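Student: I would like to learn how to read a model like this one, feature by feature. Could you take me through it slowly?

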Amino acid sequence: MTDPLRELRRELVSAASRESQRARGAGRHARRAASLRHLQRRGRFGLALVVLLVLASATAVGADQLFGPPVRARVLPAAGRPASGSIVFAPLRVADPAGGFPWGLRFYLPRQADGGSSATNAVRCLQYGRVAGNTLGVLGEDGAFGNDGQFHALPVERLAGCVTGSGLSRAEVVVPASAFTGARSCTVPPSVGFEAIRHPRELTRDTRTSTCPPAALRIVVYGVSARGTLSVRLQGPHVTMTDRLVPADHGAYIFVLPANTDMGWRPQLKFAR
Amino acid sequence: MASKRSDAELLAASRDDATAFGEFYDRHIAKVLAFFRRRVPDGELAMDLAAETFAAALGSLSRYEPREGPPTAWLFAIARHLWFDALRRGQVEDRARRALQMQPLLIDDEAMAVIERVAAEGALELLDALPADQRDAVIARHLDERDYSEIAAVLVCSESVVRQRVSRGVKAMRVAAVQEQP
């Protein structure tokens, strides 16, 4: 049962808790500053310690600024829940056309009603996004997360889509470069992309989002190839890209193109085994 | 379980105790939601404004001064300010929620139903404040949708008396809604 009032209450209490901790932290910071002033007066050793503490503090602040809160998980339809132990985070990483965090994907086998997993390769659920370290996530830009510029971890419950097929699948989407299509992210204009299936916007109250500028759009081609595939090549009139796969990728591949590419074509995928 | 602390005590405690603000929210969300629901065309916008109101209240806790009035007056002053601001801009701001790093709420059909129900409950509180004869008449006419003649028969009075009670009751609710002094 969706209850936005409870959700709001949770958000408010969490925010109140953060504010309270921040206020206490500010108090501690003031006390620490006073203590550091005392150390400074005690000579060179004190000064060196001050420098170390300031550096440590700056590092902590930098990390806070880089990583924001995770994306909220959503209740998945029963068929989409991952079977136990089936989640695979492919080690494959591909660069974004504009740089920054690379793209990657993970997939899992959906759980069956009896609690087991689906037949091998029959249905796989895939989730793509930007990658920081070993975490799949999205970026706070293009309108998402108040443009905070931070990386937000993506829970597996926030599914991208499931594909069917025996051993081979392919999906194409046009999405913001942030990889986030939820609340407040910019809207993908309908004219962009080659015969691509646009990622449907998640249902939100927010109808006041702006249209994504072309530079903020990406075409993502991804899927799972047959077992034993060594490389996947994407070919078009103006572009050739190759994913070299390792066994740990389990055949998963992903290509990310700028959406301002000439879209009078549809890429061909060639699989080498 | 709800405590017996006053609103002012809850706000004062909220600076160190996050659950106190949750309790303050529980007490007033229905009224704030009803306040906006009567002023905007749909429940989503009402929820949007209500969320921003509580976020703004949380963000300005340190500026709340009990000597300047009861907490509900302060809360509804924030609500009114946000409503006027939304009218002027043509959109609902989310500045307070962003400042607190709150996640956007996802509103689907089920959520909409909850919003409408709670907003209606908030509106029914105005009905409860009416004198019994006016409340009965308003409920019979506007909620049960009965004819004046039928209501007159049930209440054992003339049709004109029923009309008068309904009219006075609705007028009193309208005035209370505008003043919004819960």
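**Reading the model**

Tutor: Let us begin with one pair: Arg163(B) and Glu159(B) are 4 residues apart in helix H9 (residues 159–179) of chain B, so about one helical turn separates them. Helices (H or I, at least four residues) and strands (E, at least two) are DSSP runs, numbered from the N terminus. This is a predicted model, in which local features need pLDDT of at least 70 and side-chain atom pairs count only at pLDDT 80 or more, while totals for chains, interfaces and linings use all residues. Residues are numbered from 1 along each chain as its sequence is written, chains are lettered from A and ligands numbered from 1 in the order in which they are written, and side-chain values use heavy atoms, with hydrogens and water left out.

Student: What joins the side chains of Arg163(B) and Glu159(B)?

Tutor: A salt bridge is a side-chain nitrogen of Lys or Arg within 4 Å of a carboxyl oxygen of Asp or Glu. The side chains of Arg163(B) and Glu159(B) meet in one, at 3.7 Å from N to O. In chain B there is also a network of salt bridges that links Arg5(B), Asp7(B), Asp17(B), Glu23(B) and Arg27(B).

Student: Is Arg163(B) buried or partly exposed?

Tutor: Buried means under 20% relative accessible area, exposed over 50%, and partly exposed in between (1.4 Å probe, protein chains only). Arg163(B) has 43% relative accessibility and therefore counts as partly exposed, and Glu159(B), at 35%, counts as partly exposed too. For a contrasting pair, take the salt bridge between Arg98(B) and Asp94(B), at 2.8 Å from N to O: Arg98(B) is partly exposed because its relative accessibility is 41%, whereas Asp94(B) is buried because its value is 12%.

Student: Which parts of chain A does the salt bridge of Asp96(A) and Arg130(A) tie together?

Tutor: The side chains of these two residues, Asp96(A) and Arg130(A), meet at 3.6 Å, N to O. Asp96(A) lies in the loop between strand E1 (88–89) and strand E2 (103–108) of chain A and Arg130(A) in strand E3 of chain A, so the pair ties together parts that are 34 residues apart in sequence. Both Asp96(A) and Arg130(A) are buried.

Student: What does the side chain of Gln127(A) reach?

Tutor: Here the term is polar contact: a pair of N or O atoms within 3.5 Å, where within protein one must be able to donate a hydrogen and the other to accept it, and residues adjacent in sequence count only if both atoms are side-chain atoms. Gln127(A), in strand E3 (residues 123–132) of chain A, reaches the backbone oxygen of Pro155(A) at 3.0 Å with its side chain, and a polar contact of 2.6 Å joins its side chain to that of Arg106(A).

Student: How many residues of chain A are in contact with chain B?

Tutor: Contact means heavy atoms within 4.5 Å, and 33 residues of chain A are in contact with 37 residues of chain B. The count between chain A and chain B is 1 salt bridge, formed by Arg9(A) and Asp26(B), whose closest N and O atoms are 2.8 Å apart.

Student: How confident is the predictor in chain B?

Tutor: The predictor's confidence in each residue is its pLDDT, from 0 to 100. Chain B averages 81, and 88% of the residues score at least 70.
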